[in-house]
Amino acid sequence: MVQRALISAADIHTGALADGIEALKNLNPGQDCKACHGMAGVPVADEWPVLAGQQAAYLQKQLAAFKSGERINPLMQAAIAHLGDPEYKALAAYYSQLAP
């Protein structure tokens, strides 16, 4: 039973990571996460936050806040304007599973 639970957890982890990678590949190359935050979640400049290792729920909440206007950042709002909840979930899962 414990082994089955561990296998299921590993499958979920692998699936979320694969979904996040696929979501990153499908984003507009001119306005995507990788451009500022890096494929590994480590930014190219100090002005942008490290996403690697952040909790998935936190990342999803921040993306939703940018989308709704609760958080204001024109660069982020433009970058995520074409994304929805499935992409937020996949990206949050991807970045949360990377080592900071």
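This is a predicted model: local features need pLDDT of at least 70, side-chain atom pairs count only at pLDDT 80 or more; totals for chains, interfaces and linings use all residues.
Start with the overall layout. The chain has five helices and zero strands, so reading from the N terminus gives simply α-α-α-α-α. Of its 100 residues, 31% count as buried. As for contacts between residues at least 6 apart in sequence, 63% of them link residues at least 24 apart.

Next comes the inside. The largest nonpolar core is made up of 15 residues, and Ile80 and Tyr95 are the ones with the most contacts within it. The largest share is that of α5, which puts in five residues. Ile80 itself is worth a look: setting aside neighbours within four places in sequence, it touches Leu63, Phe66, Lys67 and Tyr88.

Then there are the cysteines. The structure holds zero disulfides. For cysteine 33, the closest cysteine sulfur belongs to cysteine 36 and sits 9.0 Å away, which is too far for a bond. A pair would have to come within 2.5 Å to count as a disulfide. Cysteine 36 is likewise in no disulfide, its nearest cysteine sulfur being that of cysteine 33. Both residues are tucked away from the surface by the numbers: cysteine 33 is buried at 14% relative accessibility, and cysteine 36 is buried with a relative accessible area of 15%.

Note on methods: Residues are numbered from 1 along each chain as its sequence is written. Side-chain values use heavy atoms; hydrogens and water are left out. A nonpolar core is a set of buried Ala, Val, Leu, Ile, Met, Phe, Trp, Tyr and Cys residues joined through side-chain atoms within 4.5 Å. Buried means under 20% relative accessible area, exposed over 50%, partly exposed in between (1.4 Å probe, protein chains only). Helices (H or I, at least four residues) and strands (E, at least two) are DSSP runs, numbered from the N terminus. Contact means heavy atoms within 4.5 Å.
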